[in-house]
Amino acid sequence: MLDDTDLARLDRAVQHVQHLADADALALVAGPRAAVDRSLSAAFCHVGILVFPDRAEDVAEYLRNRGMAVHTPIPSVVVRQRLAARYAVAPERLPVDIITGEMPDGRCLEVFVLPGLADRAAPDGMAELERRGQTESHFAFELPGADRDRVDALRAALAEDHGLVPGGGGYNPDEDAAAGGRSVFYFEAAPGARADRAARAGNPDQADQPGGAADVHRIELACAGEYQESLAEHRRLTDAVADGHRERLFELVTAQWVARAVQAAAQIGLPDALRGGGRTAEEVADALGCDRPAVTRLLRFLAARDIVVEGPAGRYSNGPVSTLLQRENPFSDLAILYGEEIHAGWSEFDHSVRTGQTGFRLHFGEEHFEYLKTRPELRLRFDRAMAATATALAERVCTAYDFSQAASVVDIGGGNGTLLQGILQTNDRIHATLFDLAEATEAVAAQHQGDERFSTVSGSFFEQVPEGADVYLLARVLHDWPDEQCAQILAVTRKSMSSGSRLLIIERVLDDGNAPTTAGLWDLHMLAITSGRERTRAEYRRLLADADLDLVELRNLCLGFSMVVAAAH
């Protein structure tokens, strides 16, 4: 018996075999331009697909019922080995056969059959993962009457003009022996390209449908004859792709080392020791009381990444980045914060993924803000670290939003008031109110004694906020909390707003797709540290609507931040 998913995939593959023109078949993998690219002249000859029936005979019966001549099954060594490697299973436990059904016109459906798989319906089992990934699906093309120039030109066009990735190949002297054997070149669709191509071709619904455009993962380009030099070059390119993946992985897993080096530099005061510039590594080490060879290695590393500058005769000075790490700059506090308790919370990130709970709580025994509440020196450093980005944000917020018509602004959860100070400096008629917990507002109130344009109010934004302001700010607050608490914060804020009030939410907004934005990284950070999350525009719209607020617009700021402008219904 074949289950419904495999039946649908087989039906779609049969449609491809029966009806696709050569160019259209190539376009399903290589993109719409391939259909009109005259350099891509090759004959579409078969479709390959992997299925998981009860019995191999179920597939043979299906092919006969579709009017195909069924060839005698043969073992598939290559697919069996690839599956064994992907799932860490002994190859002998994977009895994969190839059953080929041939149409009267010679086109074929090549079915890789793995029968009797025990967990084929399991969401995380091999069968379901293979159906989703489609790593063994392919279209095969023949290049009749080929010569080396034509083979190489077609290979180059597929890789360079149409974005396919070389995926190995081989020569079989026994197949088509009368014609000099058979050479096969494999290509794969680039990651993420299949669904994108389906969407751009006007068929976005096919991207995730069984047997749709997203099913086509690999091209086999075959031709009679022996092309060892072309195969060698193709394999070299395949190895280069594999090396690139490995190098990319190394970059990802060692990125924390770069961060730790920067954080260590801030912690030992290295940027302060470089004031004035022109200091040798030995002079810097002696000034800091650190090991000379270790400081030499650290400076060399930082210079290679343009964090510090190495001048003549091995003398170092600060660069634009290391200047930000000098002790009076709040970015120094940010670097140290991320290197200490935040790094420790992230060390338990696998726990966060398994449970949805913060790694911070697992490591320290309490949540992040509870931890800061009882450690005023760390709370002060946290506020200074937040001020590092708040200073940059203040300028962009004043550019992105016109405060000239507002008489009053309340910053809810505004920390040490850095954002409000930026607004006051550019708007001389506005009154600013900092609203936060008492441990935050008491120190700020002392700094602003006698300032008639600045006031502080202590309290919890889960209970009430000052009423009647023209503008309310929620800057980097909502991302710290789950939806339930965000809904409560927004409801309390809405209760204090008048009909003409505006609410400005400053957060990193997730892309609705999977674009690699900083918001995605911070979303994981929230999971690891605060139990909060970053959100998409649509998610903010829903949260606001539940609080009787409208999302008016979204404006880009800096450092990956956006401003969500909201108004009362």
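A charge sits over a ring if NZ of Lys or CZ of Arg is within 6 Å of the ring centre and within 35 degrees of the ring normal. Arg375 meets this rule: its charged end sits over the ring of Tyr371, 3.8 Å from the centre. This is a predicted model, where local features need pLDDT of at least 70, side-chain atom pairs count only at pLDDT 80 or more, and totals for chains, interfaces and linings use all residues. Residues are numbered from 1 along each chain as its sequence is written, and side-chain values use heavy atoms, with hydrogens and water left out.

**Aromatic rings**
- Rings of Phe, Tyr and Trp (its six-membered ring) pair if their centres lie within 6.5 Å; planes under 30 degrees apart are stacked, over 60 edge-to-face, the rest tilted.
- By this rule there are 13 aromatic pairs.
- Phe360 and Tyr371 are edge-to-face, because their ring centres are 5.4 Å apart and their planes stand at 80 degrees.
- Phe360 lies in helix α16 (residues 359-364) and Tyr371 in helix α17 (residues 368-373), 11 residues apart. Helices (H or I, at least four residues) and strands (E, at least two) are DSSP runs, numbered from the N terminus.
- Phe360 is buried at 0% relative accessible area, and Tyr371 is buried at 11%. Buried means under 20%, exposed over 50%, partly exposed in between (1.4 Å probe, protein chains only).
- One aromatic cluster is formed by Phe369, Phe382, Phe461, Phe462 and Trp481.

**Nonpolar cores**
- A nonpolar core is a set of buried Ala, Val, Leu, Ile, Met, Phe, Trp, Tyr and Cys residues joined through side-chain atoms within 4.5 Å.
- The largest has 43 residues; Leu109, Val111, Phe141 and Leu221 have the most contacts inside it.
- Helix α2 (residues 22-30) gives this core its largest share, five residues.
- Another core, apart from it, has 28 residues, including Tyr472 and Val564.

**Salt bridges**
- A salt bridge puts a side-chain nitrogen of Lys or Arg within 4 Å of a carboxyl oxygen of Asp or Glu.
- The whole structure holds 39 salt bridges.
- Glu130 and Arg86 form one at 3.0 Å, N to O. It links helix α5 (residues 126-133) with helix α4 (residues 77-87), the two residues being 44 apart.
- Glu130 is buried at 4%, whereas Arg86 is partly exposed at 36%.
- Arg533 and Glu539 meet at 2.8 Å, N to O. Arg533 is partly exposed at 28%; Glu539 is buried at 18%.
- Asp3, Asp6, Arg9, Glu128, Arg131 and Arg132 are linked in a salt-bridge network.
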